Amino acid sequence: MRRNLINETPNLIGQKVKLAGWVNVRRDHGKLIFIDLRDRSGIIQMVIIPDKEDAYAAAKELRSEYVIEAEGLVKKRPGGAANEKISTGGVEVEVEKIKILSAPTVELPVDISEDDLNLHLETLLDNRVLTLRNKKVKAIFTVYSEILKAYTDFMKAEDFTEIKTPKILSAATEGGANFFKISYFEREAFLAQSPQFYKQAGAGIFERVFEIGTVFRAEPHFTTRHVNEYTGLDAEMSFIENFSEIMDELEMTMAYIIKEVQKNCAEELEMYKAELLPVKGIPRIRLTEALEILDKEYGKKMETVDIDSEGERLICEWAKKNHNSDFIFLTHYPTNVRPFYSMPSKEDPRFTETFDLLFKGLEIASGGQRIHDYNQLVENIKKHHLNPDDFEHYLDIFKFGMPPHGGWGLGSERIVQKMLGLKSIKEALLFPRDVKRLTP
Ligand code: ATP
Ligand code: MG
């Protein structure tokens, strides 16, 4: 008999099925044994009656997380007993045979059968291989997978070529202290803290490139929005006339991602009571304008021309109230808070042709136009008190003719975090790495 998936059962009433999965929970009511069985498609209630002697004896052994195969008859649940919260809530399986495939060898450290786990973040992460099996926790990664797919599909539809760039580097790319040093045979090497230089090289080859890749950041942060290893959704595009074209592209990308998640992850969004507005016409305002708004409307003054996390939260509140948008672009960051390769603004070179994209209170992407002229780039490296000799290989890109170009770096985990309203970004990684955590 071929294995059926649990979500097929509502269409198989009156028929024999073979299911396989994990025992979510066992409940005994008088002489009856109830098992909630879980597979990749859902959860279903199974009943085992004493008359089926072999199955009953096996069922008596079962505890949570036993892996079993069960054969039985799909029945409509008696009126009033239906569970409307799940798609299989109107049916149950009357079990005839049970085969135990694998049993836990230890007492389970946490109970994961509840709809809402309500565990401490540390407990949730310490017991990750187990807590990830919980339906609602697992749902985060169903949504995550959909985001990756939507990003890939959209980028390809827009004629971007997918590339993978090296993560082991000979030099700390953009300078700064947020690099992990590693030992590389006889030498020292560094882990990439962005694919920036290589994707720009890609833009000089394929015109349009995108990468889904691991990013390493040695920042000793203890926040709800930083981890030390994350997955970046990067893109770089050539022959742009100005940097609003990059924002146009990113806006369309986010609109597509949101639309696809709404279409394909309705049940998961419902579990998290996540509400997503369709993306159209993301407001774009200058950073300096945003700072004025924060001052006037929220009484918040910044010491320098930059915005902090509290400011990001408030300006998103403002965008929601005034533009009915979950997103906002802040543009024209000052030169001193942007990397040396950022294109200075034509009208005022104290500012750059760059932007951040904020979503529900948090920066999810940074991007902008890059300098493509070799001499201008060398000058700008110096202006940033860096040494052009340290950028020899990077500068090669610009020696051989490079079109005007730009792109973005988008944090995949921050999208899920904000979409589902997760308290910490760490919940959006299967096995997160932070300052203290290198396991599991
Ligand atoms: P922040 O100011 O929030 O620390 P950043 O400006 O240093 O972020 P960028 O270098 O602009 O980050 O990286 C591009 C995107 O990658 C960010 O907008 C964010 O979505 C994501 N990102 C950056 N650092 C981290 C991190 N430590 N953990 C998770 N995602 C990150
Ligand atoms: Mg940034």
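Cysteine 316 counts as buried because its relative accessibility is 7%; buried means under 20% relative accessible area with a 1.4 Å probe, protein chains only. This is a predicted model, where local features need pLDDT of at least 70, side-chain atom pairs count only at pLDDT 80 or more, and totals for chains, interfaces and linings use all residues. Residues are numbered from 1 along each chain as its sequence is written, chains are lettered from A and ligands numbered from 1 in the order written, and side-chain values use heavy atoms, leaving out hydrogens and water.

**Cysteines**
- Cysteine 265 is buried too, at 1% relative accessibility.
- Looking through the whole structure for disulfides (cysteine sulfur pairs within 2.5 Å) turns up zero.

**Helix α5 against helix α11**
- Helices here are DSSP runs of H or I with at least four residues, and strands are E runs of at least two, numbered from the N terminus.
- The axes of α5 (residues 196–206) and α11 (residues 392–399) come within 10 Å and cross at roughly 20°, so the two helices are roughly parallel (angles under 35 degrees) to each other.
- On the α5 side, Phe197, Gln200 and Ala201 meet Tyr394, Ile397 and Phe398 of α11, contact being heavy atoms within 4.5 Å.
- That set splits into five nonpolar, one polar and no charged residues.

**Around α5**
- Buried residues in α5 are Gln196, Phe197, Lys199, Gln200, Gly202 and Ala203.
- Their cover includes α11 plus the strands β10 (208–216), β11 (229–238), β15 (362–370) and β16 (405–411).
- Just past the end of α5, glutamate 207 has a positive phi of about 70°.

Definitions and conventions
Axes are lines fitted to C-alpha atoms, for helices over the stretch in contact, and angles run from 0 to 180 degrees between N-to-C directions. Angles under 35 degrees count as roughly parallel, over 145 as roughly antiparallel, 65 to 115 as roughly perpendicular and the rest as oblique. Ala, Val, Leu, Ile, Met, Phe, Trp, Tyr, Cys and Pro count as nonpolar, Asp, Glu, Lys and Arg as charged, and the others, Gly among them, as polar. Buried means under 20% relative accessible area, exposed over 50%, partly exposed in between (1.4 Å probe, protein chains only).
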